[in-house]
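Please read it alongside the sequence and the coordinates.

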Amino acid sequence: GTSGGTVIKSTDGGQTWKNIGQTIDGPVTEIPFDSARKLTVYALSYGKKMYYSSNGGEKWIDWEEKKKEEIKALKEKESKLRKEKKPDEADKLKKYIEALEEKNREERTPAGIVSLTASPFISGTLYAVTKNGQFHRSADYGKYWKKFNIIESASKFPIRMVAVSYSNKNELSFVSGKAFYKSLNGGETWAVTQIDADRPVSVISYDPKDSNVLYLGIGRDK
């Protein structure tokens, strides 16, 4: 991914490269792959939007724009039903539209995402952390999101990255401020450990061969 919003792809180990998909709004800072669907990939525009592709990046979908299109199509269908003198069907569809609009508002893509992580176990499951100290999860390829309840002290600082254990699908870790947070039950409860560092942690990662080993990358700026 480039700072200009272009995604460049190689299918021969880096020997050759080509631009794929449309230009993304903002710098592309992360491109996580889905755990099971080999052509499903995600892209993050730092602090702005996340994108979804089901065809290896040939086309990128902004879910918030997609949801607007879906609502528009449903309202057109409702209008057509009323013109066809089918009020009962139209009223039923209207209630569905209203419920869907509420869901779209309550479970919209989080604002200010700074890191996006795909579960190595569960297809379609994503974790997003934000610059205002929020931690969210999606179970449907990024279309809808729910906020985790985390320890209050963690929400006072930016959360720069989340890591998922390669041996336990329920083990999640992140760093906020100068503290390390870990959950062993999928985010229901958290344990906290202070970190002896004078700079913020910008990267956190489990060793893929040994999940007892965890790496923390310290940022340059205090």
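Helices (H or I, at least four residues) and strands (E, at least two) are DSSP runs, numbered from the N terminus. On that basis the protein chain has two helices and 15 strands. This is a predicted model, in which local features need pLDDT of at least 70, side-chain atom pairs count only at pLDDT 80 or more, and totals for chains, interfaces and linings use all residues. Residues are numbered from 1 along each chain as its sequence is written, and side-chain values use heavy atoms, with hydrogens and water left out.

**Overall layout**

- The C-alpha trace of the protein chain spans about 70 × 45 × 30 Å along its principal axes.
- Buried means under 20% relative accessible area, exposed over 50%, and partly exposed in between (1.4 Å probe, protein chains only). Of the 222 residues of the protein chain, 43% count as buried.
- Contact means heavy atoms within 4.5 Å. Among contacts in the protein chain between residues at least 6 apart in sequence, 40% join residues at least 24 apart.

**Helices**

- The expected span of a helix is 1.5 Å times one less than its number of residues. Helix H1 (63-83) has 21 residues and should span 30 Å at 1.5 Å a residue, which agrees with the 30 Å between its end C-alpha atoms.
- Helix H2 (residues 87-106) has 20 residues and reaches 29 Å from its first C-alpha to its last, close to the 28 Å expected.
- In H1 the buried residues are Trp 63, Glu 64, Lys 67, Ile 71, Leu 74, Glu 78 and Leu 81. They cover an arc of only 100° around the axis, which puts them on the same side of H1; the arc is that of the directions from the helix axis to the C-beta atoms.
- Lys 68, Glu 69, Lys 72, Lys 80 and Lys 83 are exposed on the other side of H1.
- In H2 the buried residues are Ala 90, Leu 93, Ile 97, Leu 100 and Asn 104. Seen down the axis of H2, these residues fall within an arc of 85°, so they line one face of the helix.
- Asp 88, Lys 92, Lys 95 and Glu 106 are exposed on the other side of H2.
- The buried residues of H1 pack against E5 and H2, and H1 is included in what covers the buried residues of H2.

**Nonpolar cores**

- A nonpolar core is a set of buried Ala, Val, Leu, Ile, Met, Phe, Trp, Tyr and Cys residues joined through side-chain atoms within 4.5 Å.
- The largest nonpolar core has 15 residues, of which Tyr 127, Phe 135, Ile 150, Leu 172, Phe 174 and Trp 190 touch the most other members. Strand E7 (126-130), E10, strand E11 (172-176) and E12 each supply at least two residues of this core. E10 gives the most to this core, with three residues.
- Not counting residues up to four places away in sequence, Phe 135 has contacts that include Tyr 127, Ile 150, Leu 172, Phe 174 and Trp 190.

**Aromatic contacts**

- Rings of Phe, Tyr and Trp (its six-membered ring) pair if their centres lie within 6.5 Å; planes under 30 degrees apart count as stacked, over 60 as edge-to-face and the rest as tilted.
- The structure holds eleven aromatic pairs. One of them is the tilted pair of Tyr 52 and Tyr 141, 5.9 Å centre to centre with 55° between the planes. This pair links distant parts of the chain, 89 residues apart: Tyr 52 is in strand E5 (residues 49-53), and Tyr 141 is in the loop between strand E8 (135-138) and strand E9 (146-147). Both Tyr 52 and Tyr 141 are buried.
- Phe 148 and Trp 190 form an edge-to-face pair, because their ring centres are 6.3 Å apart and their planes are at 85°. Phe 148 lies in the loop between E9 and strand E10 (159-164) and Trp 190 in the loop between strand E12 (179-183) and strand E13 (191-194), so the pair ties together parts that are 42 residues apart in sequence.
- Phe 148 counts as buried at 8% relative accessibility, and Trp 190 counts as buried at 13%.
- One aromatic cluster is formed by Tyr 127, Phe 135, Phe 148, Phe 174, Tyr 181 and Trp 190.
- A charge sits over a ring if NZ of Lys or CZ of Arg is within 6 Å of the ring centre and within 35 degrees of the ring normal. The charged end of Lys 103 sits over the ring of Tyr 144, 4.5 Å from its centre.

**Thr 193**

- Thr 193 is found in strand E13 and is partly exposed, with a relative accessible area of 45%.
- Thr 193 touches Lys 178, Ala 179 and Phe 180, not counting residues up to four places away in sequence.
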